[in-house]
Amino acid sequence: MMIYLELFLSFLQIGAFSFGGGYAAMPLIQHQVVELHGWLSLGEFTDLVTISQMTPGPIAINSATFVGTKIAGVGGAVVATLGCILPSCILVTLIAWVYLKYRSMRLLQGVLKTLRPAVVAMIAAAGMLIIVSAFFGEGNPVSLNTFHVAEAVIFAGALVLLRWKKMNPILVMVLCGVAQVAVGLAGKLVG
């Protein structure tokens, strides 16, 4: 029973303080599930981000459902997901009321503009964590000896396909998965 309360309170905090959307929630989710509770390793967290991206719905809610299921089954998934969405439901209702009532105030517009750089910084921090983990491996020091060339090439290829070729993101994810399987098979054949 205690695990349900821990899951609920952890994802309640994530839901309450993850301003800026899913990517901004990633450092908070990592802190709760990897560092604070040890429910996932950093490698499992990276997999969680990938799975959350590939499934429909917000990243934070998908993460809550995934972690809850892993830790306490279906009940854990329900409790963690409820904890994640409850603050949003309450906050959005209150903010909508305040915004509709005071939307022309300069102070409100100033507060919204002030929050943007913090959100960008949180997204950048989450992105850098994932890039370092992918390029150098979990727990490895950042050096040329631990650099994974194949992952960097796949990343660069995905970036080109998404940014300049404007390819469908789902197709790019599938192609990256196929490329990673090919790299793994080639490594086994050579090794």
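Helix axes are lines fitted to C-alpha atoms, over the stretch in contact, and the angles between them run from 0 to 180 degrees between N-to-C directions. In the predicted model described here, the axes of helix H6 (residues 149-163) and helix H7 (residues 169-190) come within 10 Å and cross at roughly 160°. Angles over 145 degrees count as roughly antiparallel, so H6 is roughly antiparallel to H7. The crossing of these two helices is right-handed. On the H6 side, the contact is made by Ala 150, Glu 151, Ile 154, Ala 158, Leu 161 and Leu 162. On the H7 side, Pro 169, Val 172, Leu 175, Cys 176, Ala 179, Gln 180 and Val 183 take part.

The loop between H6 and H7 holds Lys 166. Lys 166 has a positive phi of about 55°, although it is not a glycine. Most residues other than glycine have a negative phi. With a relative accessibility of 62%, Lys 166 counts as exposed, because the limit for that class is over 50%.

The chain as a whole contains seven helices and zero strands. Read from the N terminus, its elements run α-α-α-α-α-α-α. The C-alpha trace spans about 65 × 45 × 30 Å along its principal axes. Of the 191 residues in the chain, 26% are buried. Among contacts between residues at least 6 apart in sequence, 52% join residues at least 24 apart.

In soluble globular proteins, nonpolar side chains tend to be buried together. The largest nonpolar core of the model has 21 residues. Those with the most contacts inside this core are Leu 7, Phe 11, Met 26, Ile 29, Val 33, Phe 45 and Val 67. Two or more core residues come from each of helix H1 (2-17), helix H2 (22-36), helix H3 (42-54) and helix H4 (59-102). The most is given by H4, with seven residues.

Two of the core residues listed above, Phe 11 and Val 67, can be followed through their contacts. Phe 11 is placed in helix H1 and counts as buried, at 0% relative accessibility. Leaving aside residues up to four places away in sequence, Phe 11 touches Val 33, Ser 63, Ala 64, Val 67, Ala 80, Gly 83 and Cys 84. The C-alpha atoms of Phe 11 and Leu 28 are 9.3 Å apart in space, and the two residues are 17 residues apart in sequence. With the same exclusion of residues up to four places away, Val 67 touches Leu 7, Phe 11, Val 33, Trp 39, Leu 40 and Leu 48.

Two packed helices are described by the angle between their axes and the distance between the axes. For H3 and H4, the axes come within 9 Å and cross at roughly 125°. These two helices are therefore oblique to each other. H3 passes H4 in a right-handed crossing. From H3, the residues that meet H4 are Glu 44, Leu 48, Ile 51, Ser 52 and Gln 53. Their counterparts in H4 are Ile 59, Asn 62, Ser 63, Phe 66, Val 67 and Lys 70.

The structure holds one salt bridge. This salt bridge is formed by the side chains of Lys 70 and Glu 44, at 3.8 Å from N to O. Lys 70 lies in helix H4 and Glu 44 in helix H3, so the pair ties together parts that are 26 residues apart in sequence. Both residues also belong to the contact between H3 and H4. Lys 70 is partly exposed, with a relative accessible area of 42%. Glu 44 likewise counts as partly exposed, at 30% relative accessibility.

At 30% relative accessibility, Gln 109 counts as partly exposed. Beyond residues up to four places away in sequence, Gln 109 touches Tyr 99 and Arg 103. Gln 109 and Tyr 99 are 10 residues apart along the chain, and their C-alpha atoms are separated by 9.9 Å.

Technical notes: Residues numbered from 1 in each chain as written. Predicted model: local features only at pLDDT ≥ 70, side-chain atom pairs only at ≥ 80, totals over all residues. Heavy atoms only, no water. Core = buried A, V, L, I, M, F, W, Y, C linked by side-chain atoms within 4.5 Å. Buried < 20%, exposed > 50% of the residue type's maximum accessible area, 1.4 Å probe, protein only. Helix = DSSP H or I, 4+ residues; strand = E, 2+ residues; numbered from the N terminus. Contact = heavy atoms within 4.5 Å. Salt bridge = Lys/Arg side-chain N within 4 Å of Asp/Glu carboxyl O. Parallel < 35°, antiparallel > 145°, perpendicular 65-115°, else oblique. Left-handed = near helix turned anticlockwise from the far one by under 90°.
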